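Here is a short note to read alongside the structure. Take the points one at a time and find each residue as you go.

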Amino acid sequence: MDNELGRVVDALPGLVWSALPDGQADFLNQRWCEYTGFGLDQASGRGWHAAIHPDDLPALLERWEAIVASEEPGELEARMRRSDGSHRWFHLRASPLRNASGHVVKWCGVNTDIEDRRQAEASLRAFENRYRSIVDGLPAIVTLLTPDGHVEHANRHMLEYLGTRLEDMRQRAVGQAFHPDDRPEVLARWSHSAETGEPYDFEARLQRFDGVYRWFHTRGLPLRDSDGRIFLWYFLQTDIDDRKRAEGLLGGERALLEMVARGEPRQDVLDALCRLVEGAAGGCYCSVVLADARGARAEHGAAPSLPAT
């Protein structure tokens, strides 16, 4: 290689090399030699193998042999030993140089340091794992939605409650798991929040994997990027079914006492009592049987949801 071209190759921001058609190295630029601490004579042929991390070498050689056999461009990743004995990740790219007849006469390649990128990716994966661990550990249902309403992530509690997988949940329409009577308002409030960016806050019944509906309080907040654009919605759903039932019972008991205080007919009061019990218990019918003080005589009191005969 002439001096001018050699200076150009040595100035390139990468470890540049070339190889013979059979894959054996015949040139390595000054940056390659300085990084590894190897001389050109030492690294030529198969000598460059010693610069590859021992754990990465078998897979790299297998891949390199496949690229050489295919006579097509290829890419690899492996850790290369630096002159101080440490290893850094590199992205290796190789392309064939052909003659006028189309035969490969040389391979040209460049190795690019990607250690910082690999470390950033590893840090991101660790952060995501920590995030999932925290979110899965929360005593509530957590769901992340994209601005157009598609499920991005759901924590373990949500998947267990619905009895589904994340992949299947991503195929569901927005609001599908809510009670049909609540769904129109759920969707209307979500559309308003999605359009305006205002927080979402609503109480509705959510269907469990066994078909039972329970009341949940859903709060949704938008997550924004540095430019203020919403890129994700964070939803926290808290089970309030016991509270709703207690509120319903308390309200029903108060209504019954008011009926008695107003002197309404006994039949109306007993009918209201049956409906209160049915609403609180769910999936049952209630009837009242009246007995005299000695328990010797009984008569029908009320059963508003049962047939009259």
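Does Arg262 count as buried, partly exposed or exposed, and at what relative accessibility? Keep that in mind for point 1, and remember throughout that this is a predicted model.

1. Start with the answer: Arg262 counts as exposed, because its relative accessibility is 53% and the cut-off for exposed is over 50%. Its side chain meets that of Glu264 in a salt bridge, at 2.6 Å from N to O. Glu264 counts as partly exposed, at 29% relative accessibility.

2. Now look at a salt bridge between Arg214 and Asp241, where the closest N and O atoms are 3.6 Å apart. Arg214 belongs to strand E9 (residues 213–224) and Asp241 to helix H9 (residues 241–262), so this pair ties together parts that are 27 residues apart in sequence. Arg214 is buried, with a relative accessible area of 18%. Asp241 is buried too, with a value of 1%.

3. Next, find Glu71 and Arg98, whose side chains form a salt bridge of 3.8 Å, N to O. Here distant parts of the chain are linked: Glu71 sits in the loop between H4 and E3, while Arg98 is in strand E4 (residues 87–98). Glu71 is partly exposed at 35%, and Arg98 is partly exposed at 36%.

4. Salt bridges can also join up into a network, as they do for Glu77, Arg117, Arg118 and Glu121. The count for the structure comes to 22 salt bridges.

5. The structure holds one cavity of 30 Å³ or more, and the largest cavity contains about 170 Å³ of space. It is lined by 13 residues, and those closest to its centre are Trp17, Trp48, Trp64, Leu92 and Asn111. The lining has eleven nonpolar, two polar and no charged residues.

6. The largest pocket has about 380 Å³ of space. Of its 23 lining residues, Thr143, Leu145, Val174, Gly175 and Phe178 lie nearest the centre. By class, this lining has 14 nonpolar, seven polar and two charged residues.

7. Finish with the second largest pocket, where about 270 Å³ of space lies. Among the residues that line this pocket are Phe127, Glu128, Arg170 and Tyr234. Which element gives the most to this lining? Helix H5 (115–137) does, with four residues. The lining of the second largest pocket has six nonpolar, one polar and four charged residues.

Note on methods
Residues numbered from 1 in each chain as written. Predicted model: local features only at pLDDT ≥ 70, side-chain atom pairs only at ≥ 80, totals over all residues. Heavy atoms only, no water. 1 Å grid on protein atoms, 1.4 Å probe; cavity = no way out; pocket = protein on both sides within 12 Å on 5 of 7 lines; lining within 4 Å. Points joined across faces, edges and corners; volume = space filled by probe spheres on them. Nonpolar A, V, L, I, M, F, W, Y, C, P; charged D, E, K, R; others polar. Helix = DSSP H or I, 4+ residues; strand = E, 2+ residues; numbered from the N terminus. Salt bridge = Lys/Arg side-chain N within 4 Å of Asp/Glu carboxyl O. Buried < 20%, exposed > 50% of the residue type's maximum accessible area, 1.4 Å probe, protein only.
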